[in-house]
Amino acid sequence: MAFAEVAVDIPGDRARTFTYSIEDGLDLRPGHVVWVPFGRATLQGVVFALATTSPVERTRPVDSLVHGETLLTPAQLSAARWIAGYYRVSLFQAVSLMLPAGLAEEIRTYVAVADRPVPDDLRPRELRALEHARAEGKLRRDILARWLGRGGLDVVDRLVRRRLLTTSTEWERPRGGHRYVNFIRLTVPAQEAEQAAAASRGQRKAELLRALVAEPDGTERAELGRRFGTSVVADLLSSGMARVERVQTERDPLRGLAFQQSLAPEPTPPQKAAMDAIAEEILSVHAGEIRARPERRRFLLYGVTGSGKTEVYLRAAEACIAAGRQVVVLVPEIALTPQNLQRFASRFPGKIALLHSGLTAGERFDQWWRIHHGDFPIVLGSRGAIFAPVKRLGLVVIDEEHEWTYKQHDASPRYHARAVAEVLCQESGAVLVSGSATPEVETFRRAERGEYRLLRLPGRVGLPLVEAASGRTAAGQAGVELVDMRDELRAGNPGMFSRALLDGIGEAVQVGGRVILFLNRRGTAAFLQCRECGHVLRCRRCATTLALHRPAADGGPGRLVCHYCNLQSRLPPECPACSARAISAFSPGTQAVAEEVARLFPDAGVLRWDRDAARTARDHATLLDRFVNGTERVLVGTQMVAKGLDIPSVTLVGVVSADTGLAIPDFRAGERAFQVLTQVAGRAGRGSGAGRVIIQTYQPDHYAIQAAADQDFEAFYRVEIRLRAEYDNPPFSRLVLLEHADLEATQAYQQAEYFARVLRRAKATSGEGSTQVVGPTPGYPIRVRGLTRWHIVLKGEAPERLLDLVSLPRGWAVDVDPVSVS
């Protein structure tokens, strides 16, 4: 008898499989998704391995296949095992990242209030759950848990265990599927249809017949109904001269988009050296010469802004496709997708698939299956595209590899796309290319240690190395001017713009240039405060201030918005603490900056690019096109304007406040400030003019701001790596962040304090003395969406070993290698 090792869809953090027998006639292979019995339920699972013997005496048989095809490659199964073990999640949780959404029917658990007395010892949250369930009559267990907020599933399960909620299961239809459209085609020869049209007394019927003759492949019934009338279409169908056929259609996110094909430019010598090194590894893999050392196939492409990293990616993709293998290209934001799509689609027309959160559910479904069937040699997308069902993976490109958005930080598994890419490339024999002008400190350190091969692009494309007197840096970047805003205050200028920046905007607009103004803060103002009593308006669910957002159209009083939970309320006419009419706005955001620019430069035309102004990929593309090709000359935005934009007409970049984020209690605060300032400065001077960058700051002597002004990553790195070593922060140690959240503040702290004691006791009795237990410390902010958050940080060479010695209580979230500890 044959047996299958199956990862089953059950909660938990253990990377384990369960053994099932395979009955005769069921053709199973690793990578199949199956239905299996588990307890009294039937659950989904993924086959990881087959065996001829079973490690347990009694087994139950696999019930059936969910889908006839194997949906996962051996490399993906290996990567899923690594994700489950490294990020401490169940094996099914890890592998589900790689499965298509809406794969099959699901068995859903529903809850209803039991007919029994309610005990007196229930907590407020449990009472709320019962009241809501009673009002709904019957609702899904997971929906009730989400309604309760974080930790809601624990509350629901406690009520089930106490038999205050009853459970039942029901089948739920698939959430996604192929799209079918009714097409109408002629059943008679075209000549006969033409004769019938000529003889027809009805003009619309004649026109309908001629339209179908002109479209031998048929036309959608809905479109014909709109053009000629549904009754005319129905009459033709009843005559037998045409028939309805159900045709599967693709929901193509690129439909209607045109890309002008482009030729590859002549590479610079540094580009050529990088291209040759990458192509050599791709070709060696194609020839079956996979080297045992995976670091030979990992490259860090470190080049200044504008140095032509994208052209290296394109040539690497070309070499990979020529070798018969496929490419995955990752970008940090869907806002970057339009420009990257334009670059890749113009070089590889018809060969690009898209995978990102901005697609509709139907588009994601169709793109996944077309990738699975090998229709596209290139997949372009954000973080999750690393799990695309690519069967012949030959190259992974991670553009702007330093971006924190490559880390999944708000849901489990909390994976990093770069780490997953390393494993997938190792298992597939593929090449990994990570590129950035400001690499992550840990990545550059690994390159220094030989874990990545470092490729350098030292100067901008199309520009020789120049002297600073030309207005550019030695690498050809735009010159940067630091403005000390303390001097502006002393000179009697309390406004948001320095005199230098105002002059720069005016000059740039006057000569027809374009301006980018960067401020990493949305809205009109970050907070509001009463000038009489000092009261600050705060979110009632989060320990943070409410931001002011004014409506763009009428400039009315606006609304108050929490940027953490999106709670919205009206701006009160008076202070809720002292009733004084003295509420004032402080710390302007992008909306206020855009309004002020429009007031000072009414003929310039101002666009705003932040999460409020653009939410979908189409919004981003439209806004970017307006700035590049429209009449608006000034673009005000948050981090979106700092990432990868290549607009030669931008002659001035202004940073309204370089200090935002420097005070965050996180050891990476300086690194992030340097990265975003250097990246946004890199948007200037990409055309024939030298360009200019003005950075406004109250901390001009800060090492991160000084290095950003010089656009010198290695100068920043030397200071930062010394500080990291001094305080034993990554890359000299590893971190695991543990977070506990509870509606009751006291309960949250007590649970955190208790588990910290458990960890310290395990450390003392196990010999794991090298791991530090830091905390508990409050989260930043301490309360989000009504939940009080406490953190414990494990710090050491292998901090996960300490977690192996204890049982993780329910309600704790584990983040291995967090991008932030605040």
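**D399.** I looked up the side chain of D399 and found a polar contact with the side chain of Y313 at 3.2 Å (a pair of N or O atoms within 3.5 Å, one able to donate a hydrogen and the other to accept it; residues adjacent in sequence count only if both atoms are side-chain atoms). The model is predicted: local features need pLDDT of at least 70 and side-chain atom pairs 80 or more, while totals for chains, interfaces and linings use all residues. Residues are numbered from 1 along each chain, and side-chain values use heavy atoms, without hydrogens and water.

I placed D399 in strand 17, residues 393-399 (strands are DSSP runs of E, at least two residues, and helices runs of H or I, at least four, numbered from the N terminus). D399 is buried (under 20% relative accessible area; exposed is over 50%, partly exposed in between, with a 1.4 Å probe and protein chains only). I found no salt bridge for D399 (a side-chain nitrogen of Lys or Arg within 4 Å of a carboxyl oxygen of Asp or Glu). The nearest side chain of opposite charge, R343, is 5.5 Å away (Lys and Arg count as positive, Asp and Glu as negative; His and the chain ends are not counted).

**Salt bridges.** I noted a count of 43 salt bridges. D154 and R810 form one, 3.0 Å from N to O. This pair links D154 in helix 5 to R810 in the loop between helix 24 and strand 34, 656 residues apart. D154 is buried at 17% relative accessibility, whereas R810 is exposed at 53%.

I then checked R668 and E442, whose closest N and O atoms are 2.4 Å apart in a salt bridge. R668 sits in the loop between strand 29 and helix 20 and E442 in helix 15, so the pair ties together parts 226 residues apart in sequence. R668 is buried at 10%, and E442 is buried at 12%.

R626 and E632 also meet in a salt bridge, at 2.5 Å from N to O. R626 is partly exposed at 40%, while E632 is buried at 13%.
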